[in-house]
Amino acid sequence: MDNRFTEARYAIEQARDALRRGDRGQARRFAEHAAALTPQSEDPWLILAAVASPQTSINYLKKALELNPNSPRARKAMGWAMTRLQESPEGEKGVRLSDSNNGGQANDPERSGKVKTKRRSPIYPILLFALGCIVLAFAAWSARTSPVLASIMSLAPQQVAAPVQHPQSWARAEIAKPTYTPAALSVDMVVVQSGATPFGQAPVLELPTAEVAAQPTAASTFEPAVEFNAPGSTSTPGIMYAEIVADTPTPEYVPPADTPFASTAPLVASYEGEHWIDVDLSQQRVYAYAGDTVVNSFLVSTGTWQTPTVTGKFKVWIKLRFSDMSGPGYYLPDVPYVMYFHGDYGLHGTYWHNNFGTPMSHGCVNLSIPDAAWLYDFSREGTVVNVHY
């Protein structure tokens, strides 16, 4: 019995590897072999549902739910299969049921290759053609009614009327040039008061008698001295002064005290007993054990039904503070707190999603970065990792 179970487990792992490579035929053969060895296990039925036709997938998933009615993977896969069946043309009506003597097994059009091609109705091309004619007719009508579109789409350039040239007429005219004789004016400006001028008082200027050339009219004279004073000014000058006062004393800068961060979790080194890790795929939780005592637990995200997490008892074979991870369709640089326990399957921190509690990964166990840091310090190379449903 143990040999059959071991062989079935190996066949399931080979089927999953074939699914990742896209080899559906190889995955089907390994899954059928595993189902023949351990028909009471739901794993081969889930893999067969992934590579079968929509209706056959539902039959396989019903078998898996009979074995484990509370399986979250089978329930989620059933929803996927129902959606796939609704999207398929008339469900499974296009399949030729030619394998009538197959021992009662469900027909799979992917295995037989006998699928009826549904003949498309010609109404769709006719509707598309009619719609195109309507669009063209509307564009032509708009071009005729809109001046802007008509000017753009017009093929014949319109003739622009040339401007009318009028003959130029010339006539000779005599225009008198005006003359202007400036009056001789000599003004000498002398500053009577020299030196500094008191604040608020304008300087006193003396304008001597101006000699003006003789004119037919009466001679003009100027006052010998004119004193300009600012409006509202007094003879008493104002006083402006500045006083320098001492700076206001300020307290000296005192840096804040460096208070160490106080973690609420107990120190990892304080746990007694052998440390080991338990991964429950059904509950999407990780439990940290010290001996037989659970010392901490975390909500995680494991592999989806298409890329499930491996099950079994393993050991951490390497720990990496940062590691780049890549695969078909993704590249994740600097993944923190990586603990590989089986090939490229590992526990690690996650910065690209926060949907813990739901299967999200390509097979690894996703933890939040603080939880992964705690588990990284808790484990060592050789720590047992038990993965199960």
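## Helices and salt bridges in a predicted model

The buried residues of helix 4 pack against helix 3 and helix 5, where packing rests on contacts, meaning heavy atoms within 4.5 Å. This is a predicted model, in which local features need pLDDT of at least 70, side-chain atom pairs count only at pLDDT 80 or more, and totals for chains, interfaces and linings use all residues. Residues are numbered from 1 along each chain as its sequence is written, and side-chain values use heavy atoms, with hydrogens and water left out.

Let's stay with helix 4 for a moment. Its buried residues are P54, T56, S57, I58, Y60, L61 and A64; buried means under 20% relative accessible area, exposed over 50%, and partly exposed in between (1.4 Å probe, protein chains only). An α-helix has 3.6 residues a turn, so residues three or four places apart point the same way. Helix 4 covers residues 54–67, and its 14 residues should span 20 Å at 1.5 Å a residue, which agrees with the 20 Å between its end C-alpha atoms. The expected span is 1.5 Å times one less than the number of residues in the helix.

Now for the wider view. The protein has 9 helices and 14 strands, taken as DSSP runs numbered from the N terminus (helices are H or I with at least four residues, strands E with at least two). Of its 389 residues, 30% count as buried. Among contacts between residues at least 6 apart in sequence, 54% join residues at least 24 apart. The protein exposes about 27600 Å², and carbon and sulfur atoms supply 58% of that; the areas come from the Shrake-Rupley method with a 1.4 Å probe, and for residues only the protein chains shown count as cover.

Salt bridges come next. The whole structure holds 5 of them, each a side-chain nitrogen of Lys or Arg within 4 Å of a carboxyl oxygen of Asp or Glu. The table shows some of them.

| Pair | N to O distance |
|---|---|
| D43 and R16 | 3.7 Å |
| R73 and E42 | 3.8 Å |
| D43 and R73 | 2.5 Å |

D43 in helix 3 (residues 43–51) and R16 in helix 1 (residues 2–21) are 27 residues apart, so this pair links distant parts of the chain. R73 belongs to helix 5 (residues 72–87) and E42 to the loop between helix 2 (24–37) and helix 3, so their bridge ties together parts 31 residues apart in sequence. Because D43 is in helix 3 and R73 in helix 5, their pairing joins parts 30 residues apart in sequence.

D43 and R16 are buried, and R73 and E42 are buried too. A network of salt bridges links R9, R16, E42, D43 and R73.
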